[in-house]
Amino acid sequence: MRTRTKFAVAATAGAMAVLGVAAPTSASTAPTALESTIASEAKQAGLSKSEVASLQEQIDRQLATTLGGQQIGVNQIAWRDGKAVMTFPLPGEKKARAVGEAAAPLGSPNCRYAWTCLYEHSNWDGRRLTWSDCNFENLANWGFNDQTTSWHNNQTRGTRTTVYNWTGSSWAQLWVSTAPSASSNVGSANNDKADGLWVC
């Protein structure tokens, strides 16, 4: 049986608290900071217990395959002290956004200023993976290789993001973006081929 990361275990405990499922008794029954955040965000977003559970299942699967991540909300995981964040769409929505983040119109990007974002589906829908620091990123480390269909480079003006495909022996450039810019669909030649990127 696969051993889950401590983050996944903590996240599941948070979901159990939100859903009202009995957890093992301990010396303290006070909710953790994460449990409180999940409960607060679920209430703010108007999520049902089943919707919270569905989101938690997605997050647990992601944490189990992507080391170093920590759940920071009902639908978000962060790495490197928040410099990389994955956001899952809220139930009933196509576009990923944090609870409290304004909903962007359909067919428009929603990457925060000074960040660069990759999206799972066209028109900036599906999971959103974002970075705020300058670095080379191997998308396999985030469980996001071969899964990009649209992007939004909203870094400071003139900052570039270069995206690559791993051919099996080398990194082949797919596209270069200069902020501010966005693409709702990378096209059939590049769809689901991104394996790495230079941010900045």
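**Entry 1. Chain overview**

I began with burial: of the 200 residues of the protein chain, 45% count as buried, where buried means under 20% relative accessible area, exposed over 50%, and partly exposed in between (1.4 Å probe, protein chains only). I note that this is a predicted model, in which local features need pLDDT of at least 70 and side-chain atom pairs count only at pLDDT 80 or more, whereas totals for chains, interfaces and linings use all residues. Residues are numbered from 1 along each chain as its sequence is written, and side-chain values use heavy atoms, with hydrogens and water left out.

I then looked up the accessible surface of the protein chain, which comes to about 10000 Å², by the Shrake-Rupley method with a 1.4 Å probe; for residues, only the protein chains shown count as cover. Carbon and sulfur atoms account for 52% of that surface.

I listed the secondary structure next. The protein chain has three helices and eleven strands, taken as DSSP runs numbered from the N terminus (helices: H or I, at least four residues; strands: E, at least two). From the N terminus on, the order is α-α-α-β-β-β-β-β-β-β-β-β-β-β.

For contacts (heavy atoms within 4.5 Å), I considered those between residues at least 6 apart in sequence; 61% of them join residues at least 24 apart.

**Entry 2. Helix α3**

I examined α3, which spans residues 49-65 and has 17 residues. From its first C-alpha to its last it reaches 25 Å, close to the 24 Å expected; the expected span is 1.5 Å times one less than the number of residues.

Which residues of α3 are buried? I found Val52, Leu55, Gln56, Ile59, Asp60, Gln62 and Leu63. Seen down the axis of α3, these buried residues fall within an arc of 165°, so they line one face of the helix; the arc is that of the directions from the helix axis to the C-beta atoms. I recall that an α-helix has 3.6 residues a turn, so residues three or four places apart point the same way. On the face of α3 turned away from the buried side I recorded the exposed residues Ser50, Arg61 and Thr65.

**Entry 3. Glycine 126**

I located glycine 126 in the loop between β4 (115-119) and β5 (128-131). Its relative accessibility is 4%, so glycine 126 counts as buried. Leaving aside neighbours within four places in sequence, I found glycine 126 in contact with Pro89, Lys94, Ala96, Glu120 and His121. I also checked arginine 97, 29 residues from glycine 126 along the chain; their C-alpha atoms are separated by 9.8 Å.

**Entry 4. Disulfides**

How many disulfides are there? Taking a disulfide as a pair of cysteine sulfur atoms within 2.5 Å, I count two. With bonded cysteines counted along the chain, their pattern is 1-2, 3-4.

Cysteine 111 and cysteine 117 form one of them, with sulfur atoms 1.9 Å apart. The torsion about this S-S bond is about 80°, so the disulfide is right-handed. Cysteine 111 is buried at 6% relative accessibility, and cysteine 117 is buried at 1%.

A disulfide also joins cysteine 134 to cysteine 200, S to S 2.0 Å. Here the torsion is about -65°, so the disulfide is left-handed. This pair links distant parts of the chain, 66 residues apart: cysteine 134 lies in the loop between β5 and β6 (135-138), and cysteine 200 in the segment after β11 (196-199). I noted cysteine 134 as exposed at 54% relative accessibility and cysteine 200 as partly exposed at 41%.
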